[in-house]
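The sequence and the model come first.

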Amino acid sequence: MTRTDLPLPEPANLIGNVWQPAVSGASMDVISPIDGLPFARIADSGPEDVDAAVAAARAAFEGGDWSRLSAAERGRLLLRLARRIEDEAEALARLESRDNGKPIRQARADMAVTARYFEYYGGAADKLHGEIIPFLKDCNVELHREPHGVTGHIIPWNYPAQMFGRSVAPALATGNAAVLKPAEEACLTALRIGALAVEAGFPPGALNIVTGRGETAGAALSRHPGIDFISFTGSPEVGVLIQTEAARNFIGCTLELGGKSPQIVFDDADLEAALPVLVTAVIQNGGQTCSAGSRALVQRGVFDAVVAGLKARFEAIEASDSGEEAVLGPLISARQKARVEGYIANAGAPLIARGGIRAGTPDGGFYVAPAVFGPCDPGSRIAQEEVFGPVLCVIPFEDEAEAIAIANGTEYGLVASVWTRDGARQQRVAKAMRCGQVFVNGYGAGGGVELPFGGRRKSGHGREKGFAALHDFTTLKTIVTTHG
């Protein structure tokens, strides 16, 4: 039977398939962005809790039941977990919506994508093959892909369930034992998925979850000498700290750190198709998306038409609670709301349009009316820095060369889109983009589980999603046999 609600979790960590409170006994409130009120509690963990989780993972990887499973058996467990997520999708969506503030329709889509991650990597677990290298006549050379061992995963608050699947599923598929530290601002669906993994039959220690503050539990995990590889999604500033700690321990890391992604609209673009996407790409999830299309680069021949279209659309958008009709929910916290409003107040560019906040939304919620500015100077703060809110800046350009220069003219390099009917231009501009993903006459991929995702420069390095993630979560061993 499909469940539509879930009991709130106790403030405890999942360590070796046992729910344990923080060693210190400390816990902390979970605040709903919808009304700004606490509605649950989670464990406020410290280094000793991380130690216990890493030890459980190590035992699972080195001689535990997890280490004895074949790739096919690991895959079946992941598929079983995918089915359980699907069975509880509505309840998980409602929980995430309350915890994170996102509209319920977005939360439902997120649960479908989360289940797909475990389904995809469950099917891929036994399909990561080695290679044979032709070498000397009397030698046989084999390349083996092996798990790192114990992997650490620090995920953000904007897509708690999706990020769980995106980071943890490929690590488990390849045989690693995982320790997850979800963001303290929104982690209830991660805890519930952990419970579903236990129900699905995952051996003790294969998956461990420790909640708490980034500066305590997160820092302890990132610097832990028992971690063999770490995956982090979050801010560039914290990414520097994560990478530094990884270097101290001589381990690898995958970093996905944000973006200032351009949507390039040429004179010959289909504006009827482009305009709604230009808006959706920056207001989805409240703009709290690393790949948000937060810069619209528009060729001068259609600049006025695009601005008029954006003005009409933004003025019609109202931030509201997470109900069935909501398209823009609250931001995650009072701090994030203040940060975004600071960018809006100091945009340094003309305001094209501002949406509203629906009457009747809770006074204590963290709502921000969406805004679009333009024409913006490509070098201005609003056009260079990641706002992480429903704010779009519109930048005019003359020709293809200028569009490419502006698009590549930030410290980031995550996603870009190109809107043009000219096939040759599509190829030229897409190849010129210095980023990890380019979409032509579209933006985003509805989760895009199969599509390698990651950035360049300040957007980080390494790749998640698709088969490429399996490579990042494994290490390559060369075996040379001389047979005479």
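A cavity is a set of grid points where a 1.4 Å probe fits but cannot get out, whereas a pocket is an open set. The model discussed here is predicted.

**Cavities and pocket**

By this rule there are two cavities of 30 Å³ or more. The second largest cavity holds about 60 Å³ of space. Its lining is made up of Gly-259, Lys-260, Gly-287, Thr-289, Cys-290, Ala-292, Ser-294, Glu-386, Val-387, Phe-388, Gly-389 and Val-391. The largest cavity holds about 80 Å³. Of the 16 residues that line the largest cavity, Pro-262, Ala-407, Tyr-412, Gly-413 and Val-415 lie nearest its centre.

The largest pocket contains about 1200 Å³ of space. Its lining comprises 39 residues, and those closest to the pocket centre are Trp-157, Glu-185, Gly-234, Ser-235 and Val-238. Four elements each supply at least two lining residues of the largest pocket: helix H7 (214-222), strand E10 (229-233), helix H8 (236-248) and helix H11 (334-345). The largest share, six residues, comes from H8.

The table sets out volume and lining class for each space.

| Space | Volume | Nonpolar lining residues | Polar lining residues | Charged lining residues |
|---|---|---|---|---|
| Second largest cavity | about 60 Å³ | five | five | two |

**Contact of H4 with H5**

Helix H4 (residues 104-124) and helix H5 (residues 160-173) have axes that come within 8 Å and cross at roughly 5°. Angles under 35 degrees count as roughly parallel, and H4 and H5 are therefore roughly parallel to each other. On the H4 side, the contact is made by Asp-110, Met-111, Val-113, Thr-114, Tyr-117, Phe-118 and Tyr-121. H5 contributes Ala-161, Gln-162, Phe-164, Gly-165, Arg-166, Ala-169, Pro-170 and Ala-173. By class, ten residues of this contact are nonpolar, three are polar and two are charged.

Aromatic rings pair if their centres lie within 6.5 Å, and the count by this rule comes to seven aromatic pairs. In the pair of Phe-118 and Phe-164, the ring centres are 6.0 Å apart and the planes stand at 55°, so the pair is tilted. Phe-118 belongs to helix H4 and Phe-164 to helix H5, so this pair ties together parts that are 46 residues apart in sequence.

**Backbone features**

Most residues other than glycine have a negative phi, and most peptide bonds are trans. Two sites in the model are listed against that background. Gly-374 and Pro-375 are joined by a cis peptide bond, with omega about -5°. Pro-375 sits in the loop between strand E17 (371-373) and helix H12 (381-384). Asn-441 is not a glycine but has a positive phi of about 55°. Asn-441 is located in the loop between strand E20 (437-440) and strand E21 (460-461).

Terms used. Residues are numbered from 1 along each chain as its sequence is written. This is a predicted model: local features need pLDDT of at least 70, side-chain atom pairs count only at pLDDT 80 or more; totals for chains, interfaces and linings use all residues. Side-chain values use heavy atoms; hydrogens and water are left out. On a 1 Å grid over the protein atoms alone, a cavity is a set of points where a 1.4 Å probe fits but cannot get out, and a pocket is an open set with protein on both sides within 12 Å along at least five of seven lines; lining residues have an atom within 4 Å of a point. Grid points are joined across faces, edges and corners, and a volume is the space filled by probe spheres set on the points. Axes are lines fitted to C-alpha atoms, for helices over the stretch in contact, and angles run from 0 to 180 degrees between N-to-C directions. Angles under 35 degrees count as roughly parallel, over 145 as roughly antiparallel, 65 to 115 as roughly perpendicular and the rest as oblique. Contact means heavy atoms within 4.5 Å. Ala, Val, Leu, Ile, Met, Phe, Trp, Tyr, Cys and Pro count as nonpolar, Asp, Glu, Lys and Arg as charged, and the others, Gly among them, as polar. Rings of Phe, Tyr and Trp (its six-membered ring) pair if their centres lie within 6.5 Å; planes under 30 degrees apart count as stacked, over 60 as edge-to-face and the rest as tilted.
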